[in-house]
Amino acid sequence: MPAQSRRPWLRIAVIAAVAAVLPLAAASAAPAPAPQDETIELTAQRGVLSLPAAPAVGVPFLGGGDLLDAAGKKAGEGYSSCLIAKLALPAELTAYCTSAYRLEKGEIHLSSLRTYTLLPGPTFKDGPMAVTGGTGAYKSARGEAKTVKQGGDPLDPAKPVSYKFTITLSA
């Protein structure tokens, strides 16, 4: 008697094993869904700015304050440490700034060159910022942030200057 007819169970077992493995192989070959970018919108209310009255190249200063969510509720705090890199007369300067925003899920770290206008009071112009990292849920954060001045009067402490930050974290 031939060997094939003596082991019909072997043929059935091989067919069953192949049938069981094929769907698994096809599923593992399917691409995973692409991760989505995350956008965080915050309003920063400036509570401190240590820019000297007579700025000079190489002079450091600090700015920052509370971070508010879209509902106006405090979501954290953020501070920028800046170094004056260039002065442009009559009343403008460029500063290299690094920033840290502390939120509930961790910190987001940013870096940028900012242009400040000094008259009638110091305020920085709208512009992009690089997301360079973070902590906690943001430990591998990368992306870009954009800022737009919202209002306030740099000469009136009762009307703090505020900026809207739209932070897009790349997936």
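Predicted model: local features only at pLDDT ≥ 70, side-chain atom pairs only at ≥ 80, totals over all residues.

Modeller: Of its 171 residues, 29% count as buried. Two helices and nine strands make up the chain, in the sequence order α-α-β-β-β-β-β-β-β-β-β. Among contacts with a separation of 6 or more, 43% join residues 24 or more positions apart.

The structure contains two aromatic pairs. In one of them, Phe 61 and Tyr 116 are edge-to-face, with 5.3 Å from centre to centre and 85° between the planes. Phe 61 belongs to strand E2 (residues 60-68) and Tyr 116 to strand E5 (residues 106-117), so this pair ties together parts of the chain that are 55 residues apart in sequence. Phe 61 and Tyr 116 are both buried.

The other pair, Tyr 101 with Phe 165, is likewise edge-to-face, at 5.4 Å centre to centre and 75° between the planes. This pair also links distant parts of the chain: Tyr 101 sits in strand E4 (residues 92-103) and Phe 165 in strand E9 (residues 162-169), 64 residues apart. Tyr 101 and Phe 165 are both buried.

The largest nonpolar core has 29 residues, and the members that touch the most others are Tyr 101, Ile 108, Tyr 116, Phe 165 and Ile 167. At least two residues of this core come from each of strands E1 (38-49), E2, E3 (74-88), E4, E5, E7 and E9. Strand E4 gives the largest share, five residues.

Beyond four places in sequence, Phe 165 touches Ile 40, Glu 41, Leu 42, Ala 44, Tyr 101, Phe 124, Met 129, Lys 146 and Thr 147. Of these, Lys 146 also forms a salt bridge with Glu 144, with 2.6 Å between the closest N and O atoms. Lys 146 counts as partly exposed because its relative accessibility is 47%, and Glu 144, at 37%, is partly exposed as well.

With 21% relative accessibility, Gly 134 is partly exposed, since the buried class requires a value under 20%. The C-alpha atoms of Gly 134 and Arg 102 are 9.2 Å apart, for a separation of 32 residues along the chain.

Arg 102 in turn forms a salt bridge with Glu 77, and the closest N and O atoms are 3.3 Å apart. That bridge joins strand E3, which holds Glu 77, to strand E4, which holds Arg 102, across 25 residues. Both partners are partly exposed: Glu 77 has a relative accessible area of 24% and Arg 102 one of 48%.

At the surface, Val 48, Leu 62 and Tyr 79 form a nonpolar patch with about 220 Å² of accessible area together. Leu 62 lies in strand E2 and is partly exposed, at 36% relative accessibility.

Terms used
Residues numbered from 1 in each chain as written. Heavy atoms only, no water. Buried < 20%, exposed > 50% of the residue type's maximum accessible area, 1.4 Å probe, protein only. Helix = DSSP H or I, 4+ residues; strand = E, 2+ residues; numbered from the N terminus. Contact = heavy atoms within 4.5 Å. Phe/Tyr/Trp six-rings, centres within 6.5 Å; stacked < 30°, edge-to-face > 60°. Core = buried A, V, L, I, M, F, W, Y, C linked by side-chain atoms within 4.5 Å. Patch = residues over 30% accessible without salt bridge, like charges linked within 9 Å, V, L, I, M, F, W, Y side chains within 5 Å. Areas by Shrake-Rupley, 256 points an atom, 1.4 Å probe, with all protein chains shown as cover. Salt bridge = Lys/Arg side-chain N within 4 Å of Asp/Glu carboxyl O.
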